[in-house]
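Trainee: I would like to learn how to read a structure like this one. Please start with the terms.

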Amino acid sequence: MELGQVGMSGHSDELWGLAVHTTENIFVTAGYDKTITCWNATTHQSVWTTTVAEEAQSADIHPDGSVLVVGLKSGRWMIFDARDGRYIATNVDGNEQHDSVKFSPDGHRLALGSHDNYIYIYNVSDDRQTYERHGRCQGHSSFITHVDWSADSQNLKSCSGDYELLFWDANTCKQATSAALLRDIVWSTYTTILGFDVAGIWPEGADGTDINTVGRNNGASLVATGDDFGKVNIFRFPKPSRSPLLRTVTARMSPACASSTTTRHCSPRAARTPV
């Protein structure tokens, strides 16, 4: 795998959200300039662009590629047609930003990790147009930073601002504590910065703020990290102990703050600087 220094110019303020299409070579970015843009990863050109009334914090594309969800700073979250950017609906949960939004692998549910310490779970209709509140996961004592679904769409894991890793039963919205259950779970994505499989990504002497983001490829062979020094680091996965990294790239002069994974990519998602 080769990492280039290719950039795409478009946003005029901090870029926080990225959603990568599962089958097509396109992705969507969303940022504090209130702009949402779909990009062609091959031509580096914009496919469509739309604007919203407030800063965008997070994004995800439905597994079938039909719709896009964007989490905003106010607690609102919006649904768009992922193919052309057409607005579909707006929903509200709390009054704080949604730092992580994730569709389940089977596409039937949506999880929103909020700055109010809750994870909201919604049922998604077959036509992707209607979203009904299923429940709310309560247990973190700080804001949610990262959320991952299990491959069978039955469980979640999440990290919070106080560096706590918790596991959840998505059906009951209750915390899962069974060691046997947790040991056997296969994760669809791996974006949480804590866990046995990524214990080795932390350099000696690092504190909890040094690594901001993790992204594992779906082949479960590589993991990328974005750190406070503007670097994207590539390791073999799993990484339970310290070992040499495969490659490091300076993405920006300021922190690399998020990452996204698909069936084909392990790619940097965002940087806390205009692009």
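Mentor: Contact means heavy atoms within 4.5 Å. This is a predicted model, where local features need pLDDT of at least 70, side-chain atom pairs count only at pLDDT 80 or more, and totals for chains, interfaces and linings use all residues. Residues are numbered from 1 along each chain as its sequence is written, and side-chain values use heavy atoms, with hydrogens and water left out.

Trainee: Leaving aside neighbours within four places in sequence, which residues is isoleucine 36 in contact with?

Mentor: Among them are Val28, Trp48, Val52, Leu68, Val70 and Phe80.

Trainee: How many residues does the largest nonpolar core have?

Mentor: A nonpolar core is a set of buried Ala, Val, Leu, Ile, Met, Phe, Trp, Tyr and Cys residues joined through side-chain atoms within 4.5 Å. Buried means under 20% relative accessible area (1.4 Å probe, protein chains only). Here the largest core has 17 residues, and Val28, Ile36, Leu68, Val70 and Phe80 are those with the most contacts inside it. Apart from it lies another core of 14 residues, including Trp77 and Tyr122.

Trainee: How many disulfides are there?

Mentor: A disulfide is a covalent bond between the sulfur atoms of two cysteines. The rule asks for a pair of cysteine sulfur atoms within 2.5 Å, and the count comes to zero.

Key: Buried means under 20% relative accessible area, exposed over 50%, partly exposed in between (1.4 Å probe, protein chains only).
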